Amino acid sequence: MGQEVVQAVELWAHTLADRPRETWDRATARRLPKKKRKARSRPADAPGVDGFPRLLQPAVRTFAGRGRLLRFLQAAAYPTLAAFCRDAGIRPSTLTPQIQQLERELQGQLLVRGQRGHQMRLTEFGKEILAAAESCVDQLA
């Protein structure tokens, strides 16, 4: 293998020697084609989606949507998101984007976050989602 490398370098050096020095830049080097990233597909017919209420299906179809729904369901039992995070051993900066993503998927606000010293409150839409999610908690876990 060592001789193959030496031969390749010698060939490359001779190739450069045949060209004017001004052209010795990265543009003349052999470039490898870039790998194309596959788009992450989210199948419309994710397994087990039909068993969920229609209200929850937009979230259940997405990547990690079931986990976000379960976290929301667990957090709704606490007075604040910070209290849930303390008990669950996670940071609020981890939970808040998950709740926001869930709200985007379901296209509605789930809760009104309480200011310092006040409890959070579920919106009417949040109460509907909570009731629907409680009926299928076994499927979420």
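Student: Where does R68 lie?
Tutor: R68 lies in helix 3; helices (H or I, at least four residues) and strands (E, at least two) are DSSP runs, numbered from the N terminus. The model is predicted: local features need pLDDT of at least 70 and side-chain atom pairs pLDDT 80 or more, while totals for chains, interfaces and linings use all residues. Residues are numbered from 1 along each chain as its sequence is written, and side-chain values use heavy atoms, leaving out hydrogens and water.
Student: Is R68 buried or exposed?
Tutor: R68 is buried, at a relative accessible area of 13%. Buried means under 20% relative accessible area, exposed over 50%, partly exposed in between (1.4 Å probe, protein chains only).
Student: Which side chain does R68 join in a polar contact?
Tutor: The side chain of E105, at 2.5 Å. A polar contact is a pair of N or O atoms within 3.5 Å; within protein, one must be able to donate a hydrogen and the other to accept it, and residues adjacent in sequence count only if both atoms are side-chain atoms.
Student: Turning to helix 6, which residues are buried?
Tutor: In helix 6 (residues 124–134), they are G126, I129, L130, A132 and A133. Seen down the helix axis, they fall within an arc of 165°, so they line one face; the arc is that of the directions from the axis to the C-beta atoms.
Student: Which exposed residues does the face turned away carry?
Tutor: That face of helix 6 carries E124 and E134.
Student: What is the phi of A64?
Tutor: The phi of A64 is near 65°, a positive value in a residue other than glycine.
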